[in-house]
Amino acid sequence: MTPANNFIELDGLTKNYRESGRSVTIFENLQLSVKRGELLVLLGRSGSGKSTLLNLLGGIDRPDSGHIFINGIDLTTLSEHRRTLFRRHHIGFVFQSYQLIPTLTVLENLLLPLELIRRIRLEDRDKAAALLNELELTSRLDTYPDRLSGGEQQRVSIARALIHDPLLVLADEPTGNLDLQTGQQVMSLLDKLVRQSGKTLILATHSREVMGIADHIFTIRDHALIETGD
Amino acid sequence: MNTILNRAGRNFLLRHPWQLALALLGITLGVAVVIAIDLALDSALQSFKQAERTVSGNATHRIIGGEGGLNEALYRKLRVEHGMRNLAPVLQTYLPIRQNPELKLRAIGIDPFTENAFRSGWQSGQNGAQAAIRLVTEANSAMLGRQTAEALGLTIGDELIVTTGTGDHRLHIVDLITPGSAAATEALRNIVIADISTLQEITGWFGKLSYIDTIIPETDPRTTRTRLADLLPGDVSLISIETQFESMQQMTEAFSINLSAMGLLSLLVGMFLIYNTMTFLVLQRRGLIGNLRLIGVTRRQIGRMIVTEALLLAVIGTALGTGLGLLLGQLMLQPISATVDTLYFKIDALSLSVSPLQIGKAVLLGIGATILAVIPPLREANRFSPKHALTRSQLESGTRRLTRSILLLGLLLIAVGFAVGFMSETSIQLGLASVFLLLFGFALLTPSVTLSVMSAVETLSGRQFGILGKLPPRMIGAEISRTGVAIAALMIAVAATIGMNLMIDSFRVTVEQWLNTTLQADIYVSLAGDKPARDKAAKDSQLKAAITELAEVEEVSTVLHTQVAAGGMPVKVSAFELTEASKNGFVFKQAFDAELWRAFEEQQTVIVTEPYAYHNKVKAGDTIALQTAEGLQDFKILGIYYDYSGDRGRLAMSRTQYLHYWPDLGYTGIGVYSIAGSDLNALESRLRDRLPQGLELKSNRAIFDASMQVFDETFLITETLRWLAAGIAFVGVFGALMALQFERTRQLGILRAIGMTPGQLTGLICTETGLMGLTAGLIAIPVGLLVAYVLIYIVYLRSFGWTMAFHLNSAVLIQGLLLAIFAALLAGILPAYRMARTQPADALRAE
Ligand SMILES: Nc1ncnc2c1ncn2[C@@H]1O[C@H](COP(=O)(O)OP(=O)(O)O)[C@@H](O)[C@H]1O
Ligand SMILES: [Mg+2]
């Protein structure tokens with residue numbers, strides 16, 4: 001039922017929240033197709049539902065109706081367990097507030113997603129070291145996250161999202177907590193690393209500066225997705 | 001401003017109903033247990049006093065003899081020859097009644113012509129003394145309390161059928177007593193009043209009295225006292241009724257202190273619950289507090305807000321606790337007085353009496369404990385700077401520094417605990433204080449020990465299970481201010497449980513061994529009948545002869561348990577006729593040979609039980625002066641023997657020695673030794689056939705079982721209370737772990753987002769709580785052993801004078817460890833279940 005050439009396919013996606021007994025619709029009957037390797041930017045006012053959509057795509061939330069196909073697999077029909085395993089292998093998350101594990105060092109935070117997949121090998125450590133090197137974090141390997149600046153934390157979080165070679169990277173306002181300059185730096189790193197490895201990236205933001213690097217730009221408005229031309 | 005500030009606080013509280021409920025539960029249960037124990041213990045004693053006071057009225061002193069009773073002639077001599085006034089002769093016994101075989105009425109024989117000055121219960125009734133006159137004029141007449149009569153379905157004109165050593169007797173009810181006050185009504189429950197001669201007749205106590213009450217006027221006490229005392233024979237004492245109450249209260253002191261300690265343990269654990277909740281509420285609000293400080297709220301205002309909250313909790317919790325305490329107290333009254341009954345003295349009428357003082361004490365304790373528990377979180381709140389709320393890890397790095405100071409304080413407390421233990425001499429309170437200090441000291445060591453254990457575990461599990469293996473110990477170490485407290489509380493509860501279990505176990509084994517040694521005869525006959533009854537001695541000795549004549553019987557030993565006087569107070573004495581075999585039943589603290597047994601038989605000597613020696617501070621070689629009709633007589637103490645049948649102690653002397661000075665009151669028990677190889681069942685049934693009705697026969701096995709049952713019943717309250725304390729601790733640990741996982745929701749959300757399955761997360765949480773349980777259990781084992789040592793060698797020795805052999809039951813240790821792990825695991829399951837059902841997206845949104 002899915003077109004084979006579309007990496008992501010949303011079909012009639014609807015999400016409501018129950019808020020003090022009342023049902024609030026975030027979006028209704030969304031349709032979207034994304035090809036492999038594309039960079040898609042999601043715009044929208046705060047509260048428009050960008051995070052909600054990313055969460056649905058990443059399988060950490062469930063829609064009220066509709067289907068989410070990623071690489072031909074319908075996330076909405078998977079059990080909680082299967083969905084988790086899918087996420088573990090194929091999805092990388094970058095959050096606005098970094099969301100690193102405070103009790104693990106930088107290196108450990110980085111290796112944890114890999115360890116969930118398989119036993120850590122020597123080459124995994126090399127790979128992690130190389131990635132951190134690229135992100136200019138080599139000297140912070142054994143530091144705990146709360147000793148890092150926001151920009152450094154976000155770079156660790158980008159590394160964590162990429163370490164296990166996911167098919168899809170979801171970035172939710174990754175520069176939202178950073179100053180302009182650091183934000184630009186982080187954004188260009190993200191763009192570089194994701195593009196380099198040919199992964200698909202969906203990036204939610206409400207700043208229009210990143211529009212230059214996007215393949216497609218969508219805006220959530222009035223519970224619907226609207227493609228905005230460049 | 002202030003009301004909005006309070007509203008900000010209140011709204012926050014109401015969003016955490018579970019934590020609130022836990023704090024309330026902590027205060028409520030702690031206060032309830034303290035009140036309940038206090039009330040039940042006090043009420044048991046008060047009930048006893050009230051009943052005695054009602055019966056004896058205004059009497060200030062009492063003339064008492066041995067268990068054989070006083071000679072009625074003494075009363076006549078005092079009144080007629082010496083013209084003494086205000087003497088109230090009393091004969092007292094317990095009578096089983098036909099109408100309700102379960103019930104024994106306390107029968108009090110009085111002289112209706114006793115002066116009204118006494119105003120005793122029966123005199124102050126409706127018809128008072130006039131009705132009492134009918135007791136003399138009408139044969140076999142008696143009065144009953146109205147309440148008792150109603151309960152038995154009897155009224156004036158009916159007959160009460162009572163059973164005594166001389167058979168069944170009918171007592172004609174001539175009047176019902178309706179005392180003025182409710183307390184007196186309560187105290188006169190289960191009492192039947194008759195004329196002395198009526199009671200003498202139906203019990204066979206001809207010419208005997210139980211005691212004579214007297215009023216010694218306060219104006220000239222010394223002269224009257226001396227004059228009266230001089231007129232009394234040597235084996236009769238004049239004691240003040242107040243002194244008698246005091247000495248009875250003293251008897252139960254050790255028992256009371258030990259129970260109260262259990263109450264305090266509950267409160268201590270309850271305090272932990274309050275501390276935990278308040279800390280949780282403060283930490284959760286560090287953002288809110290930071291913001292409030294930013295907009296200009298002062299530290300003092302923040303402090304006031306938190307203290308107000310705590311006080312509100314304290315007041316509600318204490319009120320609930322007082323209510324629950326009254327209820328629990330009512331429930332505990334029966335078992336506690338039953339224990340007092342078995343161990344010390346008989347309490348006839350029981351009612352819960354509550355004094356404002358007791359309630360005040362509990363209120364003070366509840367509120368005081370809350371204030372104490374809220375101090376650390378209050379200080380924590382004041383550390384939040386107005387510029388930025390501290391992050392959790394910043395708070396924790398401060399805590400780690402604090403851990404070191406706490407470690408030192410803990411070591412100090414332990415040192416003080418040991419010092420107090422060693423220097424406490426005979427004080428039970430100090431002994432218990434040492435237990436508390438040790439427990440608390442080790443609790444303070446817990447955070448440091450936990451950190452070391454966690455770094456060791458991390459190294460091991462990290463090697464084995466990688467980063468996932470490192471996570472649980474890291475998480476415990478990272479939040480040591482919360483985890484440490486939970487582990488410490490669990491450790492205290494488990495260590496106390498282990499300590500108590502080891503102590504009870506050691507005690508049990510000791511008593512079992514003692515019973516096995518002491519029960520030498522094959523069959524024991526226990527003889528009923530009131531000791532003052534005129535023909536008891538003759539009947540008993542006929543019975544003994546009859547038993548000795550049986551073909552299967554090799555020999556018999558006998559014992560008479562009674563009381564004599566020493567220093568004006570009654571002392572328990574056992575007069576023995578021992579066989580060679582029964583001598584083996586005594587185990588002495590020092591070597592005891594045949595020579596000494598000869599002295600025991602032939603010279604004026606006694607052997608004393610260990611509690612007697614302990615409480616009276618005597619040793620072998622000392623002498624005890626006993627009151628006899630021929631004046632004071634010195635008895636040399638030959639040795640001290642182990643005896644666990646009572647905690648006040650007794651003397652034992654040979655029957656020959658006893659009969660030199662005291663009247664023959666027959667026997668309390670006869671031990672039957674069969675000829676080797678004879679059929680014990682056959683012997684038992686032959687004895688049954690031969691002997692008069694009402695005698696009890698017991699094999700030594702049956703006595704053993706019955707004694708162990710009494711032992712277990714005696715410890716029932718202690719055990720119940722211990723489980724209650726452990727239960728509160730468990731709720732506390734449960735709450736702490738729940739709060740911890742709750743605070744961690746977002747972190748768990750991240751783990752789920754990066755691909756951890758609900759199953760793995762459950763594993764992670766349970767590994768963490770399980771590790772906490774394991775740590776608590778591991779620390780609790782040595783601490784529990786230490787507590788057991790202190791309980792056995794200090795507290796119980798001092799309380800009861802018993803030496804126990806330390807019996808190390810490793811099953812108790814393993815049970816304790818498993819209990820800790822199980823409790824912690826259980827506390828992990830609910831948060832794990834909740835997390836498994838939460839979508840990671842929602843968890844990530846949580847603050
Ligand atoms: N768990 C939830 N319960 C109720 N409402 C929610 C929940 N999560 C998000 N919302 C609401 O859904 C809307 C969209 O939220 P979100 O996806 O975070 O927006 P954005 O990321 O675009 O700022 C907001 O109005 C938010 O309040
Ligand atoms: Mg958002």
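**Exercise 1.** In this predicted model, determine how many salt bridges the rule finds across the interface of chain B and chain A, and describe the contact around them.

*Solution.* 
1. The rule finds 3 salt bridges across the interface of chain B and chain A.
2. Polar contacts between chain B and chain A number 15 residue pairs, both residues being at pLDDT 80 or more.
3. On the side of chain B that touches chain A, α15 (428-478), α25 (745-753), α26 (758-800) and α28 (840-845) each give two or more residues. The largest share, 11 residues, comes from α15(B).
4. By class, this side of chain B has 15 nonpolar, 8 polar and 6 charged residues.
5. Chain B and chain A bury about 2700 Å² between them, with 56% of it on carbon and sulfur atoms.

**Exercise 2.** Characterise the interface of domain 1 of chain B and domain 3 of chain B: how many salt bridges does the rule find there, and which helix gives the most residues to the domain 1 side?

*Solution.* 
1. The assignment places domain 1 of chain B at 1-52 + 250-390 and domain 3 at 449-519 + 701-847. To their contact, domain 1 contributes 33 residues and domain 3 contributes 31 residues.
2. About 2600 Å² is buried between these domains, 79% of it on carbon and sulfur atoms.
3. The rule finds 0 salt bridges here, and 1 residue pair is in polar contact.
4. On the domain 1 side, α10(B) gives the most, with 18 residues.
5. That side has 22 nonpolar, 11 polar and no charged residues.

How values were computed:
Residues numbered from 1 in each chain as written. Chains lettered and ligands numbered in written order. Predicted model: local features only at pLDDT ≥ 70, side-chain atom pairs only at ≥ 80, totals over all residues. Heavy atoms only, no water. Domains from an automatic or database assignment. Contact = heavy atoms within 4.5 Å. Buried area = accessible area lost by both parts, 1.4 Å probe. Salt bridge = Lys/Arg side-chain N within 4 Å of Asp/Glu carboxyl O. Polar contact = N/O pair within 3.5 Å; in protein donor to acceptor, adjacent residues only side chain to side chain. Helix = DSSP H or I, 4+ residues; strand = E, 2+ residues; numbered from the N terminus. Nonpolar A, V, L, I, M, F, W, Y, C, P; charged D, E, K, R; others polar.
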